[in-house]
Amino acid sequence: MTGLGLWLILQRMLKQYDPQPHERLAALGRALSHPKRLAILDKLMQGVQCNCEIAASLGLADNLISHHVRILQETGLVSAERDPVDARWIYYQVDAAAVEAALSLLSRFLDTGRIQPRTPACGPPAAPGPAGAPASPCC
């Protein structure tokens, strides 16, 4: 193994490298951005549910439940399984591993330890400079 290959492996292990964290966070945000999806996910946290149980408790039409559950499924937070006897029945449940991964990703992203002190490189100088000093480089 080359030194570069070993370096990349160590980097991934130490920093839990994710090449697309912003895309994953955005998808998670979109999935959780609707109150009905949050209500469905909350209901599913109580255990496996079918469409009719979700509809009865939330007062939503079956097609709306299917729409919202599909969006939750696209992020992996919810999985579905058809009844082995009558395939018309679909049972939904929360994927605990996906929820843990989402929590971990969000926790790493919002970790206050990542906030660094910084002085902007643009704007007016802190102290008056000599006449004819160059303007700030960016703005």
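Residue numbers start from 1 along each chain as its sequence is written, and side-chain values rest on heavy atoms, with hydrogens and water left out. Because the model is predicted, local features require pLDDT of at least 70 and side-chain atom pairs count only at pLDDT 80 or more, whereas totals for chains, interfaces and linings use all residues.

The protein chain contains six helices and three strands, which are DSSP runs numbered from the N terminus (helices: H or I, at least four residues; strands: E, at least two). Along the sequence these elements follow the pattern α-α-α-β-α-α-β-β-α. Of the 139 residues in the protein chain, 21% are buried; here buried means under 20% relative accessible area, exposed over 50%, and partly exposed in between (1.4 Å probe, protein chains only). Contact denotes heavy atoms within 4.5 Å. Among contacts between residues at least 6 apart in sequence, 48% join residues at least 24 apart. The accessible surface of the protein chain amounts to about 10300 Å², and carbon and sulfur atoms account for 60% of that area. Accessible areas come from the Shrake-Rupley method with a 1.4 Å probe, and for residues only the protein chains shown count as cover.

The largest nonpolar core comprises 18 residues. Such a core is a set of buried Ala, Val, Leu, Ile, Met, Phe, Trp, Tyr and Cys residues joined through side-chain atoms within 4.5 Å. Ile-40, Leu-44, Leu-72, Leu-77 and Val-78 have the most contacts inside this core. At least two core residues each are supplied by helix 2 (21-31), helix 3 (35-44), helix 4 (51-58), helix 5, strand 3 (90-94) and helix 6 (96-109). Helix 5 provides the largest share, four residues. When neighbours within four places in sequence are set aside, Ile-40 is in contact with Ile-54, Leu-58, Leu-60, Ile-65, His-68, Val-69 and Leu-72.

Gly-76 is located in the loop between helix 5 and strand 2 (78-82) and is partly exposed, at 24% relative accessibility. Residues up to four places away in sequence not being counted, Gly-76 touches Asp-95 and Ala-98. The C-alpha atoms of Gly-76 and Asp-95 are separated by 7.0 Å, although the two residues are 19 residues apart along the chain.

In one, Glu-74 pairs with Arg-70, and the closest N and O atoms are 2.8 Å apart. Glu-74 is exposed at 59% relative accessible area, while Arg-70 is partly exposed at 40%. In the other, Asp-86 pairs with Arg-88 at 2.7 Å between the closest N and O atoms; Arg-88 is exposed, with 70% relative accessibility.

Zero disulfides are present, a disulfide being a pair of cysteine sulfur atoms within 2.5 Å. Cys-52 is partly exposed at 39% relative accessibility, as is Cys-122 at 28%.

On the surface, Leu-106, Phe-109 and Leu-110 form a nonpolar patch with about 270 Å² of accessible area together. Patches consist of residues with over 30% relative accessible area and no salt bridge, with like charges joined within 9 Å and nonpolar side chains (Val, Leu, Ile, Met, Phe, Trp, Tyr) within 5 Å. Leu-110 lies in the segment after helix 6 and is exposed, with a relative accessible area of 56%.

Notes
Salt bridge = Lys/Arg side-chain N within 4 Å of Asp/Glu carboxyl O.
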